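Here is a short briefing to read alongside the model. Please keep the sequence and the 3D view open as you go.

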Amino acid sequence: MIWIVKNLWLIPVLPLFAAGIIAVNKQPARKLAATLAIGSMALGFLLSLCAFAATLGHHGDGVFREVFSFPWIQFGGQWMDIGWVLDPLTAIMLMMVTFVGMLIFIFSVGYMAHDENFMRFFCFLALFAAGMLGVVIANNLFLFFVSWEIVGLTSYLLIGFWYHKPSAAAAAKKAFITTRIGDLGLLLGMVWLYAETGTLNFYDGGKGCLESGALATMLTHATIGGMAVSTMIGLLIFLGAVGKSGQVPLHVWLPDAMEGPTPVSALIHAATMVAAGVFLVARVYPLMSVGGIIGAHGVPVTTSLTVITWVGAITAIFAASIAVAQNDIKRILAYSTVSQLGYMMMGLGVGGVAVGMFHLITHAFFKALLFLGSGSVIHGCHEEQDVRKMGGLKKYMPVTFAVYAVGMLALAGFPLFFSGFWSKDEILHSAHNWPVSHIPFLLGCTGALFTAFYMTRQVALVFFGSYRGHEEKSAHGHSAHAHSHSSESSHDPHESPAVMTVPLIILAGFAILLGFVGTPAWPWFDGYLTGEEFKFDFSKLTEPGTLGLMLASAAIVFTGLGLGWFLYGKRQRKTVAEKDVLEAAQPFIYKLLENKYFIDEIYEATVIRFNAFAAWLCDFADQWIFGGAVLLVKYITVGLAWLYRLTDEYFVNLGFDTGCEALREGGGGLSKLHTGRVQTYLRVIGVALVALIIFLIWGRKA
Amino acid sequence: MTPLQGCLLVSALLFAIGFAGAVTRRHAILALVGIELMLNAANLNFIAFWRYGAHPEALTGVMFVIFSIAIAAAEAAVGLALIIAIYRHKKTSNLDEVKELKG
């Protein structure tokens with residue numbers, strides 16, 4: 001076994017230790033906290049590189065996979081193992097998480113510089129990284145679930161980092177509870193899987209639950225409605241992924257989660273945690289795809305994968321359409337993330353692990369870039385998040401603008417030069433070839449159009465035109481007008497420091513370059529993950545199917561970009577209060593989109609009302625039924641106690657008290673004999689002696 | 001009346017006088033004098049029973065009495081010291097007023 005496999009546990013444990021050390025330190029050790037967190041991630045990245053190197057060079061002879069397991073807990077006669085696995089999927093995720101995490105940590109040093117809870121922030125960040133890396137290396141659904149819950153917890157802590165804001169506290173609660181619904185499904189799936197196969201290890205030399213033996217057993221067992229057990233377990237596990245990855249209908253928490261600090265949004269709600277759900281599906285892909293009919297393009301079709309595809313496709317278009325009508329810079333990105341996660345799910349469903357994972361990796365980089373870029377914008381605009389109050393930032397923040405443009409073009413899928421194009425194209429390509437239905441493909445294409453459109457809208461509103469942030473200040477009063485003019489320069493947006501821009505530039509580089517590892521001409525990524533042979537073949541690019549689709553997707557992107565530029569770029573809004581162009585044209589649809597299809601309101605009216613009713617019912621039962629029973633017991637006890645008291649007082653104590661009183665009086669009487677005069681005693685002794693002598697004399701005579 | 005009877009009569013008289021003094025006197029030193037008288041009555045008995053007893057040549061009675069006198073001297077010293085201590089403490093040597101042990 002290679003040393004890196006044995007020591008893979010170091011990667012999550014390093015940030016865990018960093019979090020621990022930061023947590024026990026005294027408060028104002030900012031430098032130490034940042035160094036520890038960033039250092040642990042950098043070391044983790046180096047180790048990940050070693051792990052990655054170990055997995056390279058195995059094309060053609062199957063997938064490289066080494067596991068290390070050891071028994072942990074004993075249940076009755078059975079041992080629960082935990083352990084880790086090193087395969088291409090793990091290695092690629094490890095590199096992504098540690099590298100993006102490290103850059104975001106560095107960015108946070110600048111972004112959180114003025115926050116007084118700097119230490120707490122880095123402690124949570126490091127803990128989060130530990131949980132996420134634990135998810136990635138786990139070779140066991142149990143360890144996976146534990147790490148998954150650590151991730152959920154830290155997500156809660158970080159969303160609610162500014163807990164003094166009621167909205168942040170509520171958002172944290174919402175995120176926690178919503179993902180909990182999905183986690184329940186995951187837990188049920190986990191238990192069922194254990195009951196069915198007797199193991200939770202993914203790979204275990206032929207005995208693991210993702211290997212052929214266990215899969216065959218699960219396939220033959222049928223359950224409700226004739227479905228195979230494997231399908232049911234797959235769907236339950238997918239429910240966990242739905243919660244974590246913000247798929248419809250559990251997507252509601254993700255946009256609200258933007259209440260957290262921006263680096264958190266970038267780290268958790270763009271690059272890593274939400275990708276954990278996608279990663280989960282990719283990890284248990286053998287379970288999802290078992291028994292499927294192999295389609296024309298070598299992709300299996302099963303019930304689970306069909307469900308995943310549909311959920312993903314609906315999420316992709318649904319969230320993309322909402323993003324069109326949002327005005328908060330981070331909320332637009334949040335809905336964009338939900339939409340892109342939908343693409344990933346769809347990619348897993350229609351094209352297998354490599355397709356979905358490729359988009360996950362590229363998305364992690366450019367979405368982290370966009371979020372950090374928006375953080376830089378927010379920081380520069382004095383904590384302003386409303387895009388209507390920005391504008392013209394191109395002039396003030398040239399570096400941020402340049403990298404943001406790269407991220408935006410990557411997300412929109414600008415042809416050939418940006419990673420998003422290649423990964424999204426691969427998903428659309430697979431969806432096009434999907435034998436079950438064509439609708440996901442069409443939904444995906446429409447989503448791509450929306451994506452290009454809303455990103456153009458955002459960039460046009462934020463970076464072009466003229467700055468609208470002063471409007472409010474000068475509108476406050478004319479008397480202060482002259483004064484506000486003189487102090488305007490300090491209110492102007494400013495470029496962020498290097499500690500924030502350098503990570504952005506690095507991320508921008510990757511947002512461009514990463515695309516080239518998975519082009520149709522050189523599908524290295526696909527070959528790496530599946531272990532299949534591949535070669536450089538430029539002619540594949542010009543195959544009629546591929547080329548046509550690429551052209552179509554390019555046309556879609558250009559339409560979106562053009563439409564966005566035409567509506568928002570060419571004719572800039574003049575004031576903050578001005579109506580949106582779409583709102584003016586289609587007020588009803590705009591209202592619907594702006595309010596996110598009223599999903600929150602629908603939940604409020606149904607699920608939450610039901611929940612409130614159930615709570616009321618429980619309260620009623622508690623107060624009157626169980627409370628009544630308790631009260632009855634109380635009265636019986638009190639009655640008995642009263643009876644006991646009477647018996648005690650009037651029967652037991654009475655006799656005892658009388659005895660005691662008599663004894664006391666007797667003692668008092670006798671004590672009177674003690675006069676304290678020695679001569680009296682002597683007299684008594686004399687009299688007694690005389691009496692004794694008389695008695696002795698008379699006694700002898702008698 | 002034999003000499004022994006005479007001696008016993010004197011010693012009984014002496015004991016009765018001493019006892020009456022110890023019991024009736026208010027003054028602590030006079031009570032102590034009474035006690036000494038009683039002690040000497042006992043010593044007289046020792047001498048009388050030895051002198052007129054079965055073995056007058058054995059000197060046993062004299063030995064007893066010398067020890068008894070020595071102990072009486074020590075006892076008198078302790079008694080006087082107690083009386084002085086009580087006097088210092090209570091500014092009186094009247095035995096009727098010394099009754100701390102009253103129950």
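Where is the place of Lys91(B)? Lys91(B) sits in the segment after α3 (60–90) of chain B, where helices (H or I, at least four residues) and strands (E, at least two) are DSSP runs numbered from the N terminus. This is a predicted model, in which local features need pLDDT of at least 70 and side-chain atom pairs count only at pLDDT 80 or more, while totals for chains, interfaces and linings use all residues. Residues are numbered from 1 along each chain as its sequence is written, and chains are lettered from A and ligands numbered from 1 in the order in which they are written.

**Chain B**

- Three helices and zero strands make up the secondary structure count of chain B, and the pattern along the sequence reads α-α-α.
- The radius of gyration of chain B is 17 Å, whereas a compact globule of 103 residues would have a value near 13 Å; the radius is taken over C-alpha atoms, and the globule rule is 2.2 Å times the number of residues to the power 0.38.
- The C-alpha trace of chain B spans about 50 × 25 × 25 Å along its principal axes.
- Back at Lys91(B), phi is positive, at about 60 degrees, although the residue is not a glycine.
- Lys91(B) counts as exposed, with 8 C-beta neighbours inside 10 Å.

**Where the chains meet**

- Twelve residues of chain A are in contact with eleven residues of chain B (contact means C-beta atoms, placed from the backbone, within 7 Å).
- Helix α30 (residues 678–701) of chain A gives the largest share of the side of chain A that touches chain B, with five residues.

**Chain A**

- Helix α14 (residues 303–323) of chain A has 21 residues and reaches 30 Å from its first C-alpha to its last, close to the expected 30 Å (1.5 Å times one less than the number of residues).
- In α14(A), 17 of the 21 residues are buried, so this helix is largely enclosed by the rest of the structure.
- Val248(A) and Pro249(A) are joined by a cis peptide bond with omega of about 5 degrees, and Pro249(A) lies in the loop between α9 (229–244) and α10 (253–256) of chain A.
- Phe598(A), in the loop between α28 (587–594) and α29 (599–671) of chain A, has a positive phi near 55 degrees.
- Phe598(A) is exposed, with 12 other C-beta atoms within 10 Å.

Technical notes:
Two residues are in contact if their C-beta atoms, placed from the backbone, lie within 7 Å. A residue is buried if 20 or more other C-beta atoms lie within 10 Å of its own, exposed if 12 or fewer, and partly exposed in between; C-beta atoms are placed from the backbone.
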